[in-house]
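Trainee: Could we go through this model together, one element at a time? I would like to learn how each answer is reached.

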Amino acid sequence: MKAVTAIGLDIGTTSVCAVLLDAQSGEVVSSVTLENDSFLTGGQPWERLQDPGRILQICTRALEQAAGGEQPACIGITGQMHGALYLNSCGQPLSPLYTWQDGRGDLSAGEGETYAQRLSRITGCPLATGYGAVTHYWAVQNNAVPKEAAALCTIGDYIALALCGGQKPVLTASNAASMGVFSREKQDFDRAALERAGINAALFPQVVENPTIVGRTQQGAVVCAALGDNQASFLGSVRDTGGVLLNVGTGSQISVSVSAGQPECSRPGLERRPCLQGRDLLVGSSLCGGRAYAMLEGFFRSVATMAGIEQPPRLYDAMEHCLQNAQPLTNPLRIATTFQGTREDPSARGSIQGLCAQNFTPAHFIAGTLEGIVQELYDFFLLMQQQLPAAPSCLVGSGNGVRENRALRRIAVQKFELPLRVPAHREEASFGAALWALAACGHFSSVGQAQGLIRYLPEEALL
């Protein structure tokens with residue numbers, strides 16, 4: 001009997017990853033990562049645009065290479081959230097992809113407000129630059145909406161549509177919420193609020209909650225509506241709802257699953273994101289995360305260059321050895337790693353406290369930076385605790401910052417006082433998208449059942 005397989009496709013800002021998953025064993029049969037070289041250049045300094053046609057080419061190649069001649073039963077899609085792309089009535093792109101990094105929402109709309117601030121005030125929804133609704137509001141106000149525009153969607157929604165030759169995008173609640181001006185109660189865009197802002201709400205597509213099939217490829221593989229990358233990473237990492245997901249990559253996030261029926265959390269810094277029907281993710285996001293450690297590594301390399309060592313190698317292994325050999329450390333530094341601000345206060349900056357003659361050492365700066373990365377996530381966790389129905393059962397770590405840094409893992413375990421699990425598979429978002437697709441096509445009765453395929457590395461290998 002031929003094995004059932006699924007492909008999970010993760011459309012990142014800088015790379016595209018596809019994994020082929022065995023639906024019986026949970027084994028990743030193959031994994032392909034390609035560079036996303038679709039950025040468009042030559043525009044305004046605040047623009048961050050990508051070519052959707054080029055992204056489709058990269059995705060198609062990644063799917064073909066991951067499949068390796070096999071015919072998957074289904075394809076699940078995830079990827080960068082918040083951004084926006086205009087489509088015509090045939091489902092074809094009319095614009096570049098305005099990515100989540102695009103800065104036009106921070107431009108002045110007059111009277112002391114940015115476009116993001118003005119739309120937030122009119123709609124009553126907290127918004128930031130890069131959100132699709134903010135980008136569209138800028139376009140409306142500046143007569144930049146393509147004349148033939150029939151729909152606005154994320155890049156994942158477009159790729160799903162293109163793979164099955166569809167014409168109208170369908171958005172999961174996760175992607176719809178990431179575009180902004182979304183009503184959790186209605187599980188739909190707040191269309192009345194959009195109209196108050198002078199926005200034609202008809203451009204915002206239909207929203208679905210459950211894993212939904214949007215069509216089939218020419219080869220017959222089921223294609224599912226795309227879900228957000230944060231949600232996909234959670235579904236592809238956390239085997240039960242009691243786990244707390246720590247993702248440390250360039251940025252970092254902490255995510256927990258909560259009932260969708262719980263009251264909205266008003267704590268600054270936390271965000272509720274739709275995930276599964278009846279379940280939301282409560283998320284705290286750091287803008288720096290692993291970038292803070294990369295900044296320190298870059299600083300050490302610049303010191304080596306200053307000392308006449310040309311083109312020093314990457315120093316992450318040396319940093320780990322330095323910290324290990326310096327244990328135990330006394331007089332620790334307190335380093336706040338908010339070097340890029342916070343979502344609530346972009347002007348916030350990092351700090352170093354407690355410097356003295358005894359702790360002005362590389363090991364202290366390494367330890368202090370790792371502590372700062374974990375502390376920022378732990379502070380979010382403290383805000384989350386009143387929303388949790390029960391004490392968490394474990395930490396689940398993902399992202400290269402967790403996988404590649406033993407010291408960070410130890411600090412996280414000590415800080416949270418919870419056991420740590422790390423998935424055996426590395427591409428958590430792609431894996432989660434594949435599980436999503438297997439549930440959509442009926443191979444599993446639910447996403448929760450599909451999550452039983454998740455396996456974790458042995459605990460003794462982590463600490």
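Mentor: Let us begin with a term: two strands pair if DSSP finds at least two bridges between them. Helices (H or I, at least four residues) and strands (E, at least two) are DSSP runs, numbered from the N terminus. This is a predicted model, in which local features need pLDDT of at least 70 and side-chain atom pairs count only at pLDDT 80 or more, while totals for chains, interfaces and linings use all residues. Residues are numbered from 1 along each chain as its sequence is written, and side-chain values use heavy atoms, with hydrogens and water left out.

Trainee: In which sense do strand 18 and strand 19 pair?

Mentor: Strand 18 (residues 243–248) is joined to strand 19 by a hairpin through three residues, and Leu245 stands opposite Ser255 in strand 19. Over four bridges, the pairing of strand 18 with strand 19 (residues 252–259) is antiparallel.

Trainee: How many residues of strand 18 are buried?

Mentor: Buried means under 20% relative accessible area, exposed over 50%, and partly exposed in between (1.4 Å probe, protein chains only). In a regular strand the side chains alternate between the two faces of the sheet. Here Gly243, Leu245 and Asn247 point one way, whereas Val244, Leu246 and Val248 point the other way, and all are buried. The number of buried residues in strand 18 is therefore six of six.

Trainee: At what angle do helix 1 and helix 4 pack?

Mentor: Contact means heavy atoms within 4.5 Å, and between these helices it is made by Pro52, Ile55, Leu56, Cys59 and Leu63 of helix 1 and Ile155, Tyr158, Ile159, Ala162 and Leu163 of helix 4. Axes are lines fitted to C-alpha atoms, for helices over the stretch in contact, and angles run from 0 to 180 degrees between N-to-C directions. With their axes 11 Å apart, helix 1 (residues 52–67) and helix 4 (residues 155–164) pack at an angle of about 65°.

Trainee: Is Thr99 buried or exposed, and what is its relative accessible area?

Mentor: Thr99 lies in the loop between strand 7 (97–98) and strand 8 (108–110). Not counting residues up to four places away in sequence, Thr99 touches Phe39, Arg48, Leu49, Gln50, Gln80, Gly83 and Gly130. Thr99 is buried, and its relative accessible area is 0%.
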